[in-house]
Amino acid sequence: MGYSSRKEYDAALLELDTMLARMGHAAGNAIGSALEALRTGNKELARTIIAGDTEIDNLEREVEHRCLTLILRQQPVATDLRKVSTALKMVTDIERIADQAADIAEIVLHLQLDRAATVGVMEDIYEMGDLVHHMVKDAVGAYVQVDLDMAAKVIRRDDRADASFNRISGEIANYIAAHPNDANTALDLFMITKYLERFGDHAVNIAEWVEFLKTGMHKSAQIV
């Protein structure tokens, strides 16, 4: 059964937009909280992040359900189909961002950090964290505003995130050489850095889907 009017269908699309934006903001907040827990060693905050991941998982399922309902109940025109397709792609990236923020929080719960010995690498990790956190927030903002310029800026910043990952990986390797008995800490720091890199990749994915939403073209193929 289709929607009774175009107005009703547009309202359903708007509600989908609202849910996706809410989910994106929640994932961005999870990154910020994970970085704060890492900076301060706040285990209670880390546990809150982990618990909050369930809500984002539930939102993902609800967004996917609504997308499929919009497709099945009415044959969407091309622009509507782009919006629903974009939502289906973006929701996966947003859910993974939240998962990886929870993974960082899990590490915080058992991380035994010699802050004096790791001060240099930790400062670089915090700097990279701030960079990718803003990339995610701006990617979600680009979706909400359908802002191609903002999306393009997110994509350009990925080179900085990749360079930070490579630099920090080298610093962690040096740490292992200097502290061979502390390989567990080094592995934890590497995993955190890898999650930060993935945040940047997910932000780029979201930004590229914003471009698709606006232009009908995606970098992987020319789709209308």
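Predicted model: local features only at pLDDT ≥ 70, side-chain atom pairs only at ≥ 80, totals over all residues.
Trainee: How many residues has H4, and what does it reach from its first C-alpha to its last?
Mentor: H4 has 27 residues and reaches 39 Å, close to the expected 39 Å. The expected span is 1.5 Å times one less than the number of residues.

Trainee: At what angle do H4 and H6 cross?
Mentor: The axes of H4 (residues 119-145) and H6 (residues 183-215) cross at roughly 20 degrees and come within 9 Å. H4 is therefore roughly parallel to H6. Axes are lines fitted to C-alpha atoms, for helices over the stretch in contact, with angles from 0 to 180 degrees between N-to-C directions; angles under 35 degrees count as roughly parallel.

Trainee: Is that crossing left-handed or right-handed?
Mentor: The crossing of H4 and H6 is left-handed, a term for a near helix turned anticlockwise from the far one by less than a right angle.

Trainee: Which classes of residue make up the contact of H4 with H6?
Mentor: That contact has 21 nonpolar, three polar and one charged residues. Ala, Val, Leu, Ile, Met, Phe, Trp, Tyr, Cys and Pro count as nonpolar, Asp, Glu, Lys and Arg as charged, and the others, Gly among them, as polar.

Trainee: Turning to H1 and H3, at what angle do they pack?
Mentor: H1 (residues 6-40) and H3 (residues 78-110) pack at about 20 degrees, with their axes 9 Å apart. The crossing of H1 and H3 is left-handed, and their contact has 21 nonpolar, one polar and five charged residues.

Trainee: Where is Leu111?
Mentor: Leu111 is in the loop between H3 and H4.

Trainee: Is Leu111 buried or exposed?
Mentor: Leu111 is buried, at 12% relative accessible area. Buried means under 20% (1.4 Å probe, protein chains only).

Trainee: What is Leu111 in contact with, leaving aside neighbours within four places in sequence?
Mentor: Leu111 is in contact with Leu38 and Asp188, contact meaning heavy atoms within 4.5 Å. Leu38 and Leu111 are 73 residues apart in sequence but 9.0 Å apart in space, C-alpha to C-alpha.

Notes:
Residues numbered from 1 in each chain as written. Heavy atoms only, no water. Helix = DSSP H or I, 4+ residues; strand = E, 2+ residues; numbered from the N terminus. Parallel < 35°, antiparallel > 145°, perpendicular 65-115°, else oblique. Buried < 20%, exposed > 50% of the residue type's maximum accessible area, 1.4 Å probe, protein only.
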